[in-house]
Amino acid sequence: MFDSLTHLQLQQYWWFIMSVVASTLVFLLFVQGGQTLIGTLGKTDDERTMVINSIGRKWEFTFTTLVVFAAGMFASFPLFYATTFGGAYYAWKIFLICFVLQAISFEFRRKQGNLLGQKTYEGFLYVNGFLGVFLLGAAVATFFTGSEFYRSEYNLSYWQTSLHGLEILFNPQNLALGLALLFLARTLGALYILNNVNSEVIQARARRQVGLNAIVFLVFFLYFVIRVLLMEGYAYDPATKEVFLEPYKYLHNYLEMPVALILFLAGVVLVLYGIGITWFKESRKGIWFTGPGTFLTVLSLFFVLGYNNTCFYPSSFDLQSSLTIENASSSRYTLTAMTYISLFVPVVATYIFFTWRAIDRNKIDDQDMKGGEHHIY
Amino acid sequence: MIENIDMALVNWSRGQFALVAFYHWLFIPLTLGMTYIIAYAQTIHVRTGDKEWERIAKFWAKLFGINFAIGVGTGIILGLEFGTNWANYSWISGDIFGAPLAAEGILAFFLESTFVAVMFFGWGKVSKKFHLMSVYLVAFGASLSALWILVANAWMNYPVGMVFNLENARHEMVDFWTVLFSPYAINKFLHTITSGFVISSFFIVAVSSWYVLKGRNLLLAKRSIVVAATFGLISSIFLATTGDGSAYWVAQKQPAKLAAMEGLYQGEEGAGLVAIGMLRPGKEIGDGQNAFLFKIEIPKLLSVLGYRNADAFVPGAEDLVLGNAEQNIMSAEEKIRRGKMALTALAEYKEAIALDDETTAQEARAVFEENYYYMGYGHMFDPDGIIPNVPFIFYSFRIMVILGFAFIALFLLILYLTVVNKLEENRWLLWVSIFSLPLAFLASMAGWIVAEVGRQPWTIQGLLPTMMSTSNINANAVILTFIMFAVLLTILVLAEYKIMVTAIKHGPDKQKKGGENV
């Protein structure tokens with residue numbers, strides 16, 4: 001079925017799949033965002049428990065999506081996997097620690113005999129929510145701003161700064177995307193909790209947080225996007241594969257790929273609409289607009305990043321070392337085999353949708369946290 | 001390809017992976033096996049309406065939950081460590097190795113994480129049948145996840161289904177099914193997953209035995225013992241048969257590993273299996289000393305197990321290093337020479353391509369292809385280095401096998417005494433059951449040592465040495481992060497242990513306050 005596709009078509013297909021997974025991941029970061037709002041939204045222990053159980057029942061989806069993104073990139077673009085993880089070493093290791101802390105915190109927090117105490121585990125959730133999301137945003141910003149690495153003729157990569165990933169913090173554009181992602185996650189977290197928890201006190205606080213965080217998010221996001229549209233981008237010649245700097249590359253990409261532009265505009269409108277109805281109309285359904293809007297916006301950013309002869313992981317040290325969907329990818333055979341496996345993605349999405357609906361039929365409330373037979377964090 | 005090898009970097013990178021893998025494997029076996037036992041108890045409850053079986057299912061599900069999250073957390077470190085610490089490996093073999101990892105994520109992890117949510121939060125919210133199905137799907141998801149990662153691991157031991165692409169200087173997959181259904185992979189999957197079942201069984205038997213000793217929760221404990229010991233007995237017998245399969249495939253594909261497992265220095269026809277023995281410290285290849293201070297051997301068994309032929313020749317470490325013309329075994333020195341020819345040809349090929357010199361390129365390609373099989377040896381400089389650490393592998397292997405057989409006997413005895421209703425009188429056996437849990441972990445860890453340390457000096461058997469596989473970073477970066485992970489994971493494991501012990505002491509009934517309900 002897929003055997004007739006060319007290598008380039010398969011590379012484009014896999015960039016599309018990874019873009020979808022990445023965009024889903026950014027939406028699912030509402031769990032992390034919610035984690036940074038535990039104390040803000042919950043003033044009493046019972047309130048905090050409601051907030052934590054609301055997002056806690058979803059943490060594994062975010063986590064699994066993150067793992068699938070990493071594994072998918074390994075399988076489809078292994079040179080990217082090797083270059084970024086082996087190169088931006090410290091950034092990714094700290095990122096990993098943030099996520100290990102999250103994995104145990106929901107489960108251990110209120111268990112008897114929990115050794116470190118409830119506050120410590122809640123602290124871990126903050127670390128994951130703030131630092132984990134910020135680092136992810138800053139690291140993804142380097143997909144635009146570039147990293148200092150050299151790729152040898154054997155395709156082995158050598159990072160050219162001893163900071164090994166910490167240097168991403170010295171670029172304002174990276175910082176801006178890190179902060180934008182952080183405040184987006186907080187906005188989404190507040191929207192999700194507003195929708196998911198039946199408690200008027202918590203809802204009122206969440207509504208307020210949606211407004212506050214959305215404003216900060218928009219400031220950093222606009223700064224980042226405007227810089228992206230105006231900056232020189234890393235382009236390559238499709239015939240010779242030679243990499244060169246092109247002024248307004250990402251702006252050109254949006255104009256040359258109207259689909260990406262439409263996705264971007266639709267995404268931004270949906271994000272703003274969700275925030276707007278929460279703020280002005282007291283609606284609880286904002287997450288249903290801002291969530292998909294986030295997905296579409298991120299998707300469009302990944303499109304301009306990887307398509308139209310653009311280097312998705314540029315090297316600012318040596319232009320020709322930059323990674324593209326063509327030179328970083330797996331073989332045609334492997335991509336074909338993986339494409340068959342990707343047919344399961346809609347199946348997975350379907351069963352996730354139906355199980356979520358089954359579990360979320362009853363919203364989280366006081367009674368739910370006290371009675372019931374099920375597991376409570 | 002790489003000029004300078006920093007052995008500190010290589011060793012600390014291995015150490016870091018081993019550290020995290022060790023912690024990971026404290027939790028994963030329980031995830032693999034307990035779900036099946038929980039599913040069984042819950043099935044009986046759904047069929048008969050017996051409340052005690054529901055109580056049993058919920059109690060073990062609670063302990064499963066405590067264990068599950070930390071297994072997931074340690075897993076992500078390992079997955080990303082291929083990139084952070086083994087970047088060269090990730091590129092050189094990512095074309096084959098990455099696919100099973102992605103398949104694991106798409107097909108297994110989502111299944112597990114979706115239905116584990118139903119398992120935990122679905123009580124009273126979804127129908128009993130849907131809830132039960134979710135428990136089975138969690139069990140199935142965990143097994144499927146094990147399949148994919150073990151397929152990837154097996155491929156490192158027995159690389160199949162790929163070719164070397166000279167343009168990219170990497171291995172590329174040419175046959176997915178050969179990778180997936182390699183006999184080494186199937187056997188590894190079956191052997192490893194059943195070891196998880198055995199550990200899970202011991203966990204449940206140990207906790208239940210403690211209740212019996214304390215005279216608490218007797219019905220729950222006794223029923224759990226019957227179910228877990230039956231599951232454990234079947235699994236441990238299966239474990240022994242798949243262990244035999246493992247030895248066979250090691251003999252076929254990794255003779256150096258087999259030689260280390262047996263402390264076999266000089267190969268022989270009709271080789272015996274060392275049941276118990278003590279190696280001579282300081283024994284070196286070619287020093288003419290007897291490898292053993294003493295040994296008790298079962299005649300011809302090694303030849304039978306390794307080659308299904310009582311008189312088959314089993315090569316020893318010295319045959320593999322020094323060569324054995326009679327048996328047609330090439331010396332390590334000759335392999336290194338051919339490996340270097342392959343690497344030189346590869347460099348010439350790339351140079352010729354860059355210069356558009358088609359004739360030279362074709363000549364170089366021919367030389368490369370002739371010597372490709374030995375390419376990995378081209379990076380080696382010491383012929384003795386092709387043999388893994390013999391004492392470490394030898395003793396680990398014996399610990400695993402001896403304990404494995406002891407477990408079969410123990411499960412049989414537990415079941416017999418349970419059936420004749422004499423378990424409570426034999427308090428010593430209950431204590432033995434409790435202490436068998438750490439022994440089960442010990443046996444399993446020993447098995448991993450045989451498998452992984454026994455593969456050294458290779459990441460991909462014969463093709464890519466471990467020292468060529470690391471990331472291109474400073475050893476200090478790895479040491480620093482090693483310490484970070486060691487401290488963090490140790491604290492988290494202690495925390496997990498204390499929560500688990502508290503939950504066990506508390507037992508299956510609802511807690512009054514400050515904790516979770518069930």
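Which helix of chain A gives the most to the nonpolar patch? Helix α8 (residues 118–145) does, with three residues. Helices here are DSSP runs (H or I) of at least four residues and strands (E) of at least two, numbered from the N terminus.

The model is predicted: local features need pLDDT of at least 70, side-chain atom pairs count only at pLDDT 80 or more, and totals for chains, interfaces and linings use all residues. Residues are numbered from 1 along each chain as its sequence is written, chains are lettered from A in the order in which they are written, and side-chain values use heavy atoms, without hydrogens and water.

The patch covers about 620 Å² and includes Ile94(A), Val127(A) and Phe170(A). Its residues have over 30% relative accessible area and no salt bridge, and nonpolar side chains are joined within 5 Å. Areas come from the Shrake-Rupley method with a 1.4 Å probe, and for residues only the protein chains shown count as cover. Phe170(A) sits in the loop between β2 (157–159) and α9 (172–196) of chain A. Phe170(A) counts as exposed because its relative accessibility is 63%, and the exposed class begins over 50%.

Chain A also meets chain B. Contact (heavy atoms within 4.5 Å) links 78 residues of chain A with 91 residues of chain B. The two chains bury about 7600 Å² between them, 71% of it on carbon and sulfur atoms. Buried area is the accessible area (1.4 Å probe) lost on being put together, summed over both parts. One salt bridge is counted between the chains. Glu81(B) pairs with Lys93(A), their closest N and O atoms 3.6 Å apart. The rule for a salt bridge asks for a side-chain nitrogen of Lys or Arg within 4 Å of a carboxyl oxygen of Asp or Glu.

Notes: Patch = residues over 30% accessible without salt bridge, like charges linked within 9 Å, V, L, I, M, F, W, Y side chains within 5 Å. Buried < 20%, exposed > 50% of the residue type's maximum accessible area, 1.4 Å probe, protein only.
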